[in-house]
Protein chains: 2
Amino acid sequence: MRNVETSQVETLAALLGPRHCLTAAEDMAPYAVDWRGTWRGQPLAVLKPGTVEEVSAAVAACAEAGIAVVPAGGRTGLCGAAVVSPGGPPAVVLSLERLNRIRDVDARDFSLVAEAGCVVQRVQEAAAEAGRLFPIAWGAQGSAQIGGMLSTNAGGIRTLRWGNARELVLGLEVVLPDGRVLNDLRRVRKDNSGYALRHLFLGAEGTLGVITAAALRLVPALQRVETAFLAVPSPDAALSLLGRMLGSGAEVIACELIQRICLEMVAEHGPHLRLPLPLESPWYVMVELAAAHPAVPVRAMLESALEAALEAGECTDAVLAENEAQRRDFWRIREDFPEFSRMAGPSIATDTAVPVSAVPEFLARVEAALAARWPEGRMVAIGHAGDGNIHVGLKAPPGVTREAWAARAGAADMVVNEIAMALGGSFSAEHGIGVSKLHVMRALKDKLALEMMRAIKQTLDPRGVMNPGKVLPEG
Amino acid sequence: MRNVETSQVETLAALLGPRHCLTAAEDMAPYAVDWRGTWRGQPLAVLKPGTVEEVSAAVAACAEAGIAVVPAGGRTGLCGAAVVSPGGPPAVVLSLERLNRIRDVDARDFSLVAEAGCVVQRVQEAAAEAGRLFPIAWGAQGSAQIGGMLSTNAGGIRTLRWGNARELVLGLEVVLPDGRVLNDLRRVRKDNSGYALRHLFLGAEGTLGVITAAALRLVPALQRVETAFLAVPSPDAALSLLGRMLGSGAEVIACELIQRICLEMVAEHGPHLRLPLPLESPWYVMVELAAAHPAVPVRAMLESALEAALEAGECTDAVLAENEAQRRDFWRIREDFPEFSRMAGPSIATDTAVPVSAVPEFLARVEAALAARWPEGRMVAIGHAGDGNIHVGLKAPPGVTREAWAARAGAADMVVNEIAMALGGSFSAEHGIGVSKLHVMRALKDKLALEMMRAIKQTLDPRGVMNPGKVLPEG
């Protein structure tokens, strides 16, 4: 560290107290790498402010000193956005973990105000205690924090019903790149007074400011949930089945499409998990119906829809969870899959979405394109059929290392991305851009949209303080 | 008109064809005033492009010539945003009425692509023909157009359940202030590739660009709807009743709070409408429950909630609509109210929202403040209790003209706005800013938010082509 930077870090330490300004290499180590070990970058210091005023003062001091600020939450993101960019300007990691108060829960208002450092699951629990539901849910919810959830506009298994994180926000408190605080934590549901500034920060991955707190929308607690595990002959059949359920008016809160190879990996690497159906079908579906009112006959609605689907050939076999334990077992198969997949060897991962009705064509084109170029790889597809967000991976043959497979088949992500875009889709559905998808952003993002984003970044953060090197590829 | 402008208008006429470039005073007259006759402004010409390419060419030509562009749709807005600002630069009105194709309806995908000039009701009908629901609904839906609905982020009676117009948008096509076309009509439900540009144009009232088409979200068609007209002792009781219904898990799709004076006006000026309940209660509520699945026992859910509410004293009398005709009669009372109110004499109108739980305090404070300053006026409150968006008016005593009442009691809007803001609310809930609320924007909008909005406007429209003098008060 150069001397001038040492003195700047001392200023920050004085501001926050030395306990909350980490500079020892071993203290900073967890913040210098993402959780998958893919992205690394050394911060000058790790700042842990405890109040929005401290965040404001720290950001202002960094801006003044020409130090970049990389906001970090639970650091469960998949694109490296919370790690310092190597080769960029000197930077601190600003961890929001100490801003972890739930400031308010208002059951009558169906709202909750939480600080950025609250773990998502704690917010879910606080809502449940008030007899309400905070509906977003995904695998990392036990570690992910509200600030990261909002900055990445997180998705997950229930966006089909309640949308992405963006849709659950009533108001935000944001520290701007110059340290000023935009306080818009109002819990009001209707506000048409000018531009919707909060939507700029949601999903911006900390490149326009630091989200320090949010007023969040709650929904009525669920009283009935029914889950089915189904064998389906094809993605097209799965989509017809989903359309049938949605069209029937049943409240579908999740619909996951699972390729047989995924269950084969579960069978091999998770022998403690019992598969609900024999491995005889090319595709499977997990579908969940729910109701907030106990008088809604969800079980009967599910059974009658499945009966019609069986008759129509959209589904060939079905098991319904008979109790909560069985329901959890179904979900463990889905939620633990990423771990089993990792055990099954390296994979090129993607995160695309297409319009729901285009999912069958998307999968057919991807399968053909991958097989033509990498016949030794195996396509692995699993994901949120109800949103058109199927995660397709290309699995290495046995014995090939991660590095070797990345070198040989790394281009598979662009093959998948290009097919998604050709079908009117997105190359980053729910994970964001961070650093891992800058090359895709450069290649496939609409040029005019990119130009506008750069202009907005330049306007709101002219000195480039906030999370440089993320989201927007250099022009 | 100066000569140079004449020649510029000739250029536009050549571009669009003379039939689609109106310049005769009598042809332009309807576009030179808003529908309430409050706001007037003379355009150089009224342009009626028929394709997005023509919109693009017209906007580019105007930008080049230094002529401002005022986009207009069904012109049912309440804030004067679609009328040329007197005293501003020379301007044309750009009417989107000929861009009125529904480009696509995809039932399986629950989506629809409509051009800006489509009347909202036609989009509702196209969705219904596909067995789906386009859920937004408000009084002017038979005249209002999609472009205006999106540019004002329209609300209405169902935002409680499906949100404002913003929440129903999957993608947009926008002509930017320099004429370039931002084409993001993808119907994809998940896209985390950079900043959410579409949210800048939604609700911007045409100040950042011209929305020419939108990919819209549809929802399952409703199979069961039950509507009740209730007498309630107070706003607090109304809110408890609403909380009870929402908390029960019933799907509440509308909850309107109506002060007795409103029904008195209906009784006086709409003798053809039968009031469902005697005029003995200070407040009334219209509540509507629905379900998309026919097996949901909506009627029983409503009856059991009302029984409990009657027992708890949250409601003192109740009538349920026994059939669709009766349901329509209930709604006519609510929807025709603005007309009866107009017949009952001039009023100072407001459009505030507060957090739902603050509605009772809001109404109590407003009533006291208005009575203290204008004891001769009468408070009139009616609105969307489920969103905290109660429209409060201050009615003139008999015999006072509109002009005289505006002069004497015009400041009532600020009294109401300030109380709403003090309670964490909004001074423009669903109508927008246009020109009518520029003074409120200047006085009450957060200064930092206003500064950011101005910076964004300057970045995206540096020449000030798009709808100058609207939304943002001069700095």
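Reply: Buried area is the accessible area, taken with a 1.4 Å probe, that two parts lose on being put together, summed over both. The size of an interface is often given in this way, as the accessible area lost when the parts come together. The model discussed here is a predicted one.

Counted by residues in contact, the interface draws 88 from chain B and 88 from chain A.

The polar side of this interface may be taken next. Eight salt bridges are found across the interface of chain B and chain A. In one salt bridge, the side chain of Glu430(B) meets that of Lys190(A), with 2.8 Å from N to O. Between chain B and chain A there are also 36 residue pairs in polar contact, counted where both residues have a pLDDT of 80 or more.

As to the elements involved, five in chain B each supply at least two residues of the side that touches chain A: helix H6 (159-162), strand E9 (181-184), helix H7 (198-201), helix H8 (235-248) and helix H17 (447-460). Of the side of chain B that touches chain A, H17(B) provides the largest share, with ten residues. Sorted by class, that side of chain B holds 40 nonpolar, 28 polar and 20 charged residues.

A contact within one chain may be set beside this one. The domain assignment divides chain A into domain 1 (3-95), domain 2 (102-220), domain 3 (224-335) and domain 4 (345-431). The centres of domain 3 and domain 4 of chain A, taken over C-alpha atoms, are separated by 23 Å. Their contact takes 14 residues from domain 3 of chain A and 15 residues from domain 4 of chain A. About 1300 Å² is buried between these two domains of chain A, and carbon and sulfur atoms give 70% of that area. Between domain 3 and domain 4 of chain A the count of salt bridges is zero, while five residue pairs are in polar contact, both residues at pLDDT 80 or more.

On the side of domain 3 of chain A that touches domain 4, the elements giving two or more residues are helix H8 (235-248), strand E13 (252-259) and helix H9 (260-269) of chain A. E13(A) gives the most to that side, with five residues. By class, the side of domain 3 of chain A that touches domain 4 has ten nonpolar residues, one polar residue and three charged residues.

Finally, two individual residues have backbone angles worth noting. Asn467(A) is not a glycine, yet has a positive phi of about 45 degrees. Asn467(A) is located in the segment after helix H17 (447-460) of chain A, and counts as buried because its relative accessibility is 1%. Phe110(B), likewise not a glycine, has a positive phi of about 50 degrees. The loop between strand E5 (102-106) and strand E6 (111-115) of chain B holds Phe110(B), which counts as buried because its relative accessibility is 6%.

Key. Residues numbered from 1 in each chain as written. Chains lettered and ligands numbered in written order. Heavy atoms only, no water. Contact = heavy atoms within 4.5 Å. Salt bridge = Lys/Arg side-chain N within 4 Å of Asp/Glu carboxyl O. Polar contact = N/O pair within 3.5 Å; in protein donor to acceptor, adjacent residues only side chain to side chain. Helix = DSSP H or I, 4+ residues; strand = E, 2+ residues; numbered from the N terminus. Nonpolar A, V, L, I, M, F, W, Y, C, P; charged D, E, K, R; others polar. Buried < 20%, exposed > 50% of the residue type's maximum accessible area, 1.4 Å probe, protein only. Domains from an automatic or database assignment.
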